[in-house]
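Welcome! Please take a look at the structure before reading on.

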Amino acid sequence: MRAALTLAARGLGRTWPNPAVGCVLVRDGAVIGRGWTQPGGRPHAETEALARARSLSGGAEGATAYVTLEPCNHYGRTPPCALALVEAKVARVVVACQDPDPRVAGGGLTRLRDVGIEVVTGVCEAEALALNEGFFNRITLGRPLVTLKVASTLDGRIATATGESQWITGPTARAWGHRLRAGHDAILVGIGTALADDPELTCRLPGLEDRSPVRVVLDSSLRLPPTAKLATGAGRIPTWVVTGPSPDPARAAALTALGVEVIPVAGANGQVDPAAAMAALASRGITRVLVEGGASIAGALLGAGLVDRLEWFRAASLIGGDGLPAVAGFGVEALAAVARFERTAVRSAGVDLAESYRRIPGKASV
Ligand SMILES: NC(=O)c1ccc[n+]([C@@H]2O[C@H](COP(=O)([O-])OP(=O)(O)OC[C@H]3O[C@@H](n4cnc5c(N)ncnc54)[C@H](OP(=O)(O)O)[C@@H]3O)[C@@H](O)[C@H]2O)c1
């Protein structure tokens, strides 16, 4: 199952709106087929693994299938994976976690058991749930998994008082940042960052140049100029601007003409409502969002309780109190109301430190 989970992780950032699944077929102690969800969400992992078993070992009869998510049970563009496993005459199916998608929700397991296939569930369940947390969030909460990425000094500053922020961390941390981009469906910034840095928000790691996710800007009054790199590159890389409920028609037309998708959502206090923005992304199939700032957007999302994970890169430097704090205020008055996270990893990233955190369940931020 751990091998299947590793295969599944290859799909992260490329399988939306579907989950990233891995499948390993084993017979007589030998692996006879491996598969993982392909870009765009199909073919599914089981289909891929069964095809390999057919071409390399004459089929999967009598094999054990290790699958990281309950096999699907509904007809889409291809027949259900549960049916494919039945027809391949596998003897046993080991599943890490159930699929909350109402079209599956236990039906895949029932179909297998009904024909006498031995089914084992819950193997490496926690890892499998964490791997596809984005997909599960989309199905059960109607929003994607939100990861906030920050590159700060030791004193938590992301820019100097004059707005200079490139670069706070070194080349290794920045490369890790690009690797993070490749594993997400969308990268999101506020219009403040888009205007200050004119970023491309692409994955530029050698070999992963085709892994740039959708680029999203939260921009309440369509201030993104048509000359911004995000706008001029929209024909090449999907670029969505999430804006207030009544966007200026001329500004919207200028951006749309460049290939930008303008998405009006509900407002809150004259700005884009963060929850409405996330719901709009989920309704378009996005399961994993990497938020890359700036301070105001980080504060707004934390204040709305919408940040699930943190990827915090910390440089061994100090800017001081007149620099821009990583997170704008979000109304915390009592310590009992702070946003609490648990650390899941600490690594060296060249000269910097890379810390990963996940939200402690049940701890609202404000
Ligand atoms: N070191 C790092 O990791 C890092 C990363 C990113 C950015 N930065 C730096 O951070 C600075 C930009 O940060 P920033 O705080 O000025 O800008 P920001 O957070 O990127 O964008 C803020 C803008 O987003 C818009 N917005 C839309 N909906 C919002 C909402 N619900 N809540 C808050 N804002 C909303 C607002 O403009 P409208 O009202 O017009 O919509 C707001 O002014 C730059 O200096 C940049 O270089 C550093």
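## What counts as a cavity

A cavity here is a set of grid points, taken over the protein atoms alone, where a 1.4 Å probe fits but cannot get out. Rolling a probe the size of a water molecule over the atoms shows where empty space is left. Please keep in mind that this is a predicted model.

## The enclosed space

With a cut-off of 30 Å³ or more, the count comes to one cavity. The largest cavity has a volume of about 60 Å³. Its lining is made of 15 residues, and those nearest its centre are L12, T15, N132, T287 and R288. Among the elements, helix 6 (residues 133-140) gives the most to this lining, with three residues.

What classes of residue make up the lining of the largest cavity? By class, there are six nonpolar, six polar and three charged residues. Where does the largest cavity lie? It lies between domain 1 (1-133) and domain 2 (143-359), because both of them give residues to its lining.

Now for the second largest pocket, which holds about 630 Å³ of space. It is lined by 21 residues, and L180, R288, R309, E311 and S356 are the closest to its centre. Two or more residues come from each of helix 5 (125-131), helix 7 (171-182), strand 15 (309-314), strand 17 (341-349) and strand 18 (352-359). Strand 18 has the largest share of this lining, with four residues.

The lining of the second largest pocket divides into ten nonpolar, five polar and six charged residues. Domain 1 (1-133) and domain 2 (143-359) each give at least three residues to the lining of this pocket.

## Around the ligand

Next, find the ligand. There are 27 residues around it, and S165, T193, S220, V272 and S296 come nearest. Which side chain has an N or O atom 2.5 Å from an oxygen atom of the ligand? That is the side chain of S220. S296 also has a polar side-chain atom, 2.7 Å from a ligand oxygen, while I297 has a polar backbone atom 3.0 Å from an oxygen atom of the ligand.

How much of the ligand does the protein bury? Taken alone, the ligand exposes 920 Å², and the protein buries 84% of that. The elements giving two or more residues to the shell are strand 7 (157-159), helix 8 (191-197), strand 13 (271-272) and helix 12 (295-303). Helix 8 gives the most, with five residues. By class, the shell has twelve nonpolar, eleven polar and four charged residues.

## Spots to look at in the backbone

Most residues other than glycine have a negative phi, and most peptide bonds are trans.

The peptide bond joining R42 and P43 is cis, with omega about -5°. You can find P43 in the loop between strand 2 (30-36) and helix 2 (45-57). A cis peptide bond also runs from G293 to G294, with omega near 0°. G294 sits in the loop between strand 14 (288-291) and helix 12.

The last stop is K89, a residue other than glycine whose phi is positive, near 60°. Look for K89 in the loop between helix 3 (81-87) and strand 4 (92-95).

Note on methods: Residues numbered from 1 in each chain as written. Predicted model: local features only at pLDDT ≥ 70, side-chain atom pairs only at ≥ 80, totals over all residues. Heavy atoms only, no water. Near = heavy atom within 4 Å. Polar contact = N/O pair within 3.5 Å; in protein donor to acceptor, adjacent residues only side chain to side chain. Areas by Shrake-Rupley, 256 points an atom, 1.4 Å probe, with all protein chains shown as cover. Nonpolar A, V, L, I, M, F, W, Y, C, P; charged D, E, K, R; others polar. 1 Å grid on protein atoms, 1.4 Å probe; cavity = no way out; pocket = protein on both sides within 12 Å on 5 of 7 lines; lining within 4 Å. Points joined across faces, edges and corners; volume = space filled by probe spheres on them. Domains from an automatic or database assignment.
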